Amino acid sequence: MNRFLFLLLLSGVLSCGGEGASSALRARGQAQCSTPASSETVRIMQGLKPHCEGCHTQGARGYFASAEAFQSLLVSDVRMVKPGSPDESELVRLLEGRGTGAFKQMPIGQKSYAQLVAEGMATLPVADVRAWVQGLAVQQRDSRPDPEAPRITRMSATQIQRALYQQLGLGHDDFFTSANEYGFPMAESRGDDFYPLQPPDALPMPRQNATGERYHSLGGGSVINQVSHDRTASPTFVLTLTQVSQRWCRRALAKTGNTALFPTGTPRTANPVDVKATLRRWSLHFLGERFTDAQVDALYEDVFVPLATPTDTEPAYVGTCSYFIRHPHWIFY
């Protein structure tokens with residue numbers, strides 16, 4: 001083996017069957033790092049998928065994104081699947097409606113998977129799942145990070161809502177009032193013109209569908225609505241974030257006593273010196289970065305000035321506030 005190939009293997013680039021490895025090395029790497037999914041494992045995954053993929057196609061519990069994900073995230077996790085012991089496998093317990101964690105059954109709802117099978121709504125018998133677990137050998141799991149995994153992650157819809165609440169000095173009461181429906185507490189929107197945003201699963205539940213639709217447009221998921229989380233920077237996400245950031249920035253600037261964007265004693269004028277001081281402060285406030293003089297000057301000339309009028313600076317401050325929220329360094333981490 002030449003020295004270059006040895007170093008690649010040592011670093012883990014090829015040892016787990018990475019790109020560039022020969023078929024022999026790839027097979028050897030898979031055997032060393034993790035147990036590949038068997039045909040029976042794939043059959044079990046495909047049988048469960050129609051009832052589970054609504055909530056489990058992305059993230060740390062994206063078991064049904066692919067056969068590889070099912071194998072590495074679920075089958076190789078002894079907390080979920082204990083080879084040779086169906087009764088000690090949380091997956092089996094969840095399917096039978098006797099889970100030991102926060103959830104007692106999967107899928108979430110009135111009926112467990114076992115009940116769905118009994119009523120003919122699911123085709124893969126639980127007995128098949130039990131037999132598969134009983135016949136599994138000990139699974140190997142690679143604990144090293146995947147070199148092909150994404151290194152940049154987009155903020156989730158929930159993270160966006162929380163960050164904006166904190167950075168803009170806003171809160172739930174700025175968008176919702178308390179209400180009741182059939183004795184259940186509900187969140188009543190103060191008006192869709194404010195662009196309220198609320199997860200459908202949140203308590204108290206939002207009364208208007210628009211708040212949940214806006215949350216989904218930002219990539220938010222929902223167990224109730226069977227919608228998966230989406231971390232892609234889709235056109236829908238960009239459009240919704242633009243609208244929300246502009247409306248919420250305006251709301252924050254108009255909120256009486258709000259010091260999030262303009263601390264007490266900070267001048268809010270059209271004076272270039274005051275404006276640029278605000279832009280420097282906002283670069284730290286929103287991005288955690290200290291803009292250079294050149295960056296501040298460019299932001300002032302390209303964003304603030306075109307939006308300002310001789311009698312009104314609010315559109316300019318709103319646009320600049322929205323600029324920071326739509327900045328890639330705010331959206332991604």
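Start with helix 11, residues 272-287. Tryptophan 282 and phenylalanine 286 both sit in it, four residues apart, about one turn of the helix. Keep in mind that this is a predicted model. Tryptophan 282 is buried, at 0% relative accessible area. Phenylalanine 286 is buried too, at 5%.

How are the two rings placed? A search of the whole structure turns up 14 aromatic pairs. In the pair of tryptophan 282 and phenylalanine 286, the ring centres are 6.2 Å apart and the planes stand at 90°, so this pair is edge-to-face.

Now a second pair, phenylalanine 304 and tyrosine 317. Their ring centres are 5.0 Å apart with planes at 75°, so they are edge-to-face. Phenylalanine 304 belongs to helix 12, residues 293-307, and tyrosine 317 to helix 13, so the pair ties together parts 13 residues apart in sequence. Both phenylalanine 304 and tyrosine 317 are buried.

Ring pairs link Phe262, Trp282, Phe286, Phe291, Tyr300, Phe304, Tyr317, Tyr323 and Phe324 into a cluster.

Stay in helix 13, which spans residues 314-325, and look at serine 322. Is serine 322 buried or exposed? It is buried, because its relative accessibility is 0%, and the cut-off for buried is under 20%. Its side chain makes a polar contact of 2.9 Å with the side chain of arginine 326. What else does serine 322 touch, beyond neighbours within four places in sequence? The answer is Thr242, Ser245, Gln246 and Cys249.

Next, charges. Side chains of opposite charge can pair when their charged atoms come close. This structure holds 16 salt bridges.

One joins aspartate 77 and arginine 79, at 2.9 Å from N to O. Aspartate 77 counts as buried, at 7% relative accessibility. Arginine 79 counts as exposed, at 62%.

Another joins lysine 82 and glutamate 88, with the closest N and O atoms 3.1 Å apart. Here lysine 82 is partly exposed, at 33%, and glutamate 88 is partly exposed as well, at 44%.

Then arginine 247 and aspartate 193, with the closest N and O atoms 2.9 Å apart. Which parts does this bridge tie together? Arginine 247 lies in helix 10, and aspartate 193 lies in the loop between strand 2 (184-189) and strand 3 (205-206), so the linked parts are 54 residues apart in sequence. Arginine 247 is partly exposed, at 26%. Aspartate 193 is exposed, at 55%.

There is also a network. Asp87, Glu96, Arg98 and Arg130 are joined by salt bridges that share partners.

Phe103, Ile108 and Val223 make a nonpolar patch of about 240 Å². Valine 223 sits in the loop between helix 9 (209-217) and helix 10 (235-254). Its relative accessible area is 32%, so valine 223 is partly exposed.

Last, the whole chain. It has 14 helices and three strands. It runs to 333 residues, and 39% of them count as buried. The chain exposes about 18,100 Å², with carbon and sulfur atoms supplying 55% of that. Take the contacts with a separation of 6 or more: residues 24 or more positions apart account for 51% of them.

Notes
Residues numbered from 1 in each chain as written. Predicted model: local features only at pLDDT ≥ 70, side-chain atom pairs only at ≥ 80, totals over all residues. Heavy atoms only, no water. Patch = residues over 30% accessible without salt bridge, like charges linked within 9 Å, V, L, I, M, F, W, Y side chains within 5 Å. Areas by Shrake-Rupley, 256 points an atom, 1.4 Å probe, with all protein chains shown as cover. Salt bridge = Lys/Arg side-chain N within 4 Å of Asp/Glu carboxyl O. Helix = DSSP H or I, 4+ residues; strand = E, 2+ residues; numbered from the N terminus. Buried < 20%, exposed > 50% of the residue type's maximum accessible area, 1.4 Å probe, protein only. Polar contact = N/O pair within 3.5 Å; in protein donor to acceptor, adjacent residues only side chain to side chain. Contact = heavy atoms within 4.5 Å. Phe/Tyr/Trp six-rings, centres within 6.5 Å; stacked < 30°, edge-to-face > 60°.
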